[in-house]
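I opened the model to look up a few contacts and strands. My notes follow in the order in which I made them.

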Amino acid sequence: MKKLLVILMSLIMVLSMAVPVMAAEKAYVIDEADKITLASEAELNAQAKDFADKTGVDLVFMDTTGDQLPSSLMDTLKADYADDAVIMIHNIDNNKVATQAYGKADKILDDDALDELFEVYNAADTYKKGAADYFALAEKKLIASGEFKDTEGSEDFTDLAPEITEPVDETLPTQEQTVPDHRLKDRLVDDADLLTKDQEKRILEQLDAMSEEKQMDVAICFTDSFDQPTVVQAADDYFAYNGFGIGEEREGILMYVCMNTRDIYFATQGPNTISSFTVIMISNMVGEVGPYLTLEQYG
């Protein structure tokens, strides 16, 4: 047990030295409810960024959870975006959607137009498609007004807005679903019963303090088995479905260890975390833990 505890403490020291090295770009899609794949999120962000670069109008989509009504979150979220903006927020838990236009967009998009944006979002069969169709329709309506030109101020690009897309299968359906509350699990879970209560308490306190300081969740899970086909899927699912990740980009790193299969995997999420923990660094951390698991040296 002492050897394993030393390894854990060494890992915590390595993690504590990792610092973010990248500034996150403005996010036009805030997927707090984890309903959109990373690839789809990147595609939507690129679509909205291109429109913002051409017009100065920020189109924003947010899915979230909890008790708050979307309308109560609107002004706080708006502070991070341009004066001219359109924002849609969907709370998955209470299944409420709010859509608001600001600046010039507010003069163009009346209540009927905002209702149309909701309807095209609601008609989609995936969250990704709903957000894409909302972006596309908002673009068409704003461009058709003639108020917005390209960055050089010369070209009216009315015909450049994307068409509303066909359904895609890679994202979850847009009907109301049950999603996890924030942080259902502690940052240290010892389901394999390797640590004493005092050790668990001390390590958890360090993980909590480090996570708050670095603004990235640092978590460890020991388990005896998993149901998914691979440890990669098991670790990624554990991170996603148990409320981990700090901020809009859900920054965090999880060390996931399965004792029966001797699998070790580090799941990382968020651009700052991923850039901070290189492949070589993670390989070294696995190398520190692996021999002790292989030799069953826990005592």
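Entry 1. Which residue forms a salt bridge with Lys128? I found Glu43 as the partner, with the closest N and O atoms 3.0 Å apart. I note that Lys128 lies in helix H6 (residues 127-144) and Glu43 in helix H2 (residues 38-55), so this pair ties together parts that are 85 residues apart in sequence. A salt bridge here is a side-chain nitrogen of Lys or Arg within 4 Å of a carboxyl oxygen of Asp or Glu. By this rule I have a count of 11 salt bridges.

Before going on I wrote down the terms of the work. This is a predicted model, in which local features need pLDDT of at least 70 and side-chain atom pairs count only at pLDDT 80 or more, while totals for chains, interfaces and linings use all residues. Residues are numbered from 1 along each chain as its sequence is written, and side-chain values use heavy atoms, with hydrogens and water left out. Helices (H or I, at least four residues) and strands (E, at least two) are DSSP runs, numbered from the N terminus.

Entry 2. I looked up the cover of the two partners. Lys128 counts as buried because its relative accessibility is 7%, where buried means under 20% relative accessible area, exposed over 50%, and partly exposed in between (1.4 Å probe, protein chains only). Glu43, at 44%, counts as partly exposed.

Entry 3. I then checked Glu116 and Lys141, whose side chains meet in a salt bridge (3.1 Å, N to O). This pair links distant parts of the chain, with Glu116 in helix H5 and Lys141 in helix H6, 25 residues apart. Glu116 is partly exposed at 35% relative accessibility, and Lys141 is partly exposed at 23%.

Entry 4. Which residue forms a salt bridge with Arg187? I found Asp208, the closest N and O atoms being 2.8 Å apart. Arg187 sits in the loop between H6 and strand S5 (188-190) and Asp208 in helix H7 (residues 197-214), so the pair ties together parts 21 residues apart in sequence. Arg187 is buried at 4% relative accessibility, and Asp208 is partly exposed at 28%. Salt bridges that share partners join Arg187, Asp208, Glu212 and Asp217 into one network.

Entry 5. I turned to strand S7 (residues 252-258) and found it mostly covered, with seven of its seven residues buried. In a regular strand the side chains alternate between the two faces of the sheet. In S7, I see Gly252, Leu254, Tyr256 and Cys258 pointing one way and Ile253, Met255 and Val257 the other way.

Entry 6. How many bridges pair strand S6 with S7? Strand S6 (residues 217-223) and S7 pair in the parallel sense over seven bridges; two strands pair if DSSP finds at least two bridges between them. Thr223 is in strand S6 and stands opposite Cys258 in S7. Thr223 counts as buried because its relative accessible area is 10%. From Thr223 to Met259 I have 36 residues in sequence and 6.2 Å in space, C-alpha to C-alpha.

Entry 7. Last, I looked at Asp112, which lies in helix H5 (residues 111-123). Asp112 counts as exposed because its relative accessibility is 54%. Asp110, Asp111, Asp112, Asp115 and Glu119 form a negative surface patch. Patches are made of residues with over 30% relative accessible area and no salt bridge, like charges being joined within 9 Å and nonpolar side chains (Val, Leu, Ile, Met, Phe, Trp, Tyr) within 5 Å. Accessible areas come from the Shrake-Rupley method with a 1.4 Å probe, and for residues only the protein chains shown count as cover. Lys and Arg count as positive and Asp and Glu as negative, while His and the chain ends are not counted. The place of a charge is taken as NZ of Lys, CZ of Arg, CG of Asp or CD of Glu.
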